[in-house]
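Try each task before you read its solution.

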Amino acid sequence: MIKNEKQYRDATERLEDEEARIRGKKAALAAEGLSRKEIKRLTDPFLSFHLQLKEEVEEYEGLKRGEFAELSNLVGLGRRLVGLRVARGITQRDLAERLGVDESSISRDERNEYHGVTVERASRVLEALGAEARTTFRIQNFKPMSASKRR
């Protein structure tokens with residue numbers, strides 16, 4: 001996950017380099033007389049990394065625009081907290097100051113995507129970021145008990 005502008009710039013630079021390298025590789029393989037199918041087979045491993053990096057860049061750009069997908073069962077909460085910081089344009093240092101903790105603490109939390117974060121800690125981070133989370137609960141396949149069974 002891209003977490004700051006420097007990582008974003010580095011990633012977009014790598015993307016451009018990878019695109020040029022893939023184009024060059026395809027051209028060289030075509031010049032050797034390989035078929036499209038053979039070229040695809042030989043360049044697919046490069047494309048896999050390229051697509052993953054492209055998705056990370058697009059995710060970061062979406063975060064900067066304030067675009068967030070819905071969470072299900074709080075899976076991805078840590079990534080969302082990092083994303084909220086990115087969207088707000090707040091540095092790890094700024095967040096640390098707002099929370100009254102060391103910057104290294106925020107760096108560690110984000111590196112681990114807030115794994116095992118408590119509800120209280122997540123709430124403090126949300127508050128420091130000027131954000132709020134809303135939660136709804138739905139019971140899957142819920143069938144209410146009849147009135148006679150409730151007694």
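**Exercise 1.** Find the helix in which Glu16 lies, and decide whether Glu16 is buried or exposed.

*Solution.* Start with the place: Glu16 sits in helix H1, which covers residues 5–31. (Helices are DSSP runs of H or I with at least four residues, numbered from the N terminus.) This is a predicted model, where local features need pLDDT of at least 70, side-chain atom pairs count only at pLDDT 80 or more, and totals for chains, interfaces and linings use all residues. Residues are numbered from 1 along each chain as its sequence is written, and side-chain values use heavy atoms, with hydrogens and water left out.

Now the surface: Glu16 has a relative accessible area of 54%, so it is exposed. (Buried means under 20%, exposed over 50%, and partly exposed in between, with a 1.4 Å probe and protein chains only.)

**Exercise 2.** Work out how the rings of Tyr8 and Tyr60 are arranged, and which helices they tie together.

*Solution.* A search of the whole structure turns up 1 aromatic pair. The ring centres of Tyr8 and Tyr60 are 5.0 Å apart and the planes are at 25°, so this pair is stacked. (Rings pair if their centres lie within 6.5 Å; planes under 30 degrees apart count as stacked, over 60 as edge-to-face and the rest as tilted.)

Next, the helices: Tyr8 belongs to H1 and Tyr60 to H2 (residues 36–64), so the pair links parts that are 52 residues apart in sequence. As for cover, Tyr8 is buried at 19% relative accessible area, and Tyr60 is buried too, at 3%.

**Exercise 3.** Leu74 and Glu113 each have a positive phi; find the loop that holds each one.

*Solution.* Take Leu74 to begin with: its phi is near 65°, and it isn't a glycine. Leu74 is in the loop between H2 and helix H3 (77–88), and it is exposed, at 53% relative accessible area.

Then Glu113, also not a glycine, has a phi of about 50°. Glu113 is in the loop between helix H5 (103–111) and helix H6 (119–128), and it is partly exposed at 29%.

Notes: Helices (H or I, at least four residues) and strands (E, at least two) are DSSP runs, numbered from the N terminus. Rings of Phe, Tyr and Trp (its six-membered ring) pair if their centres lie within 6.5 Å; planes under 30 degrees apart count as stacked, over 60 as edge-to-face and the rest as tilted.
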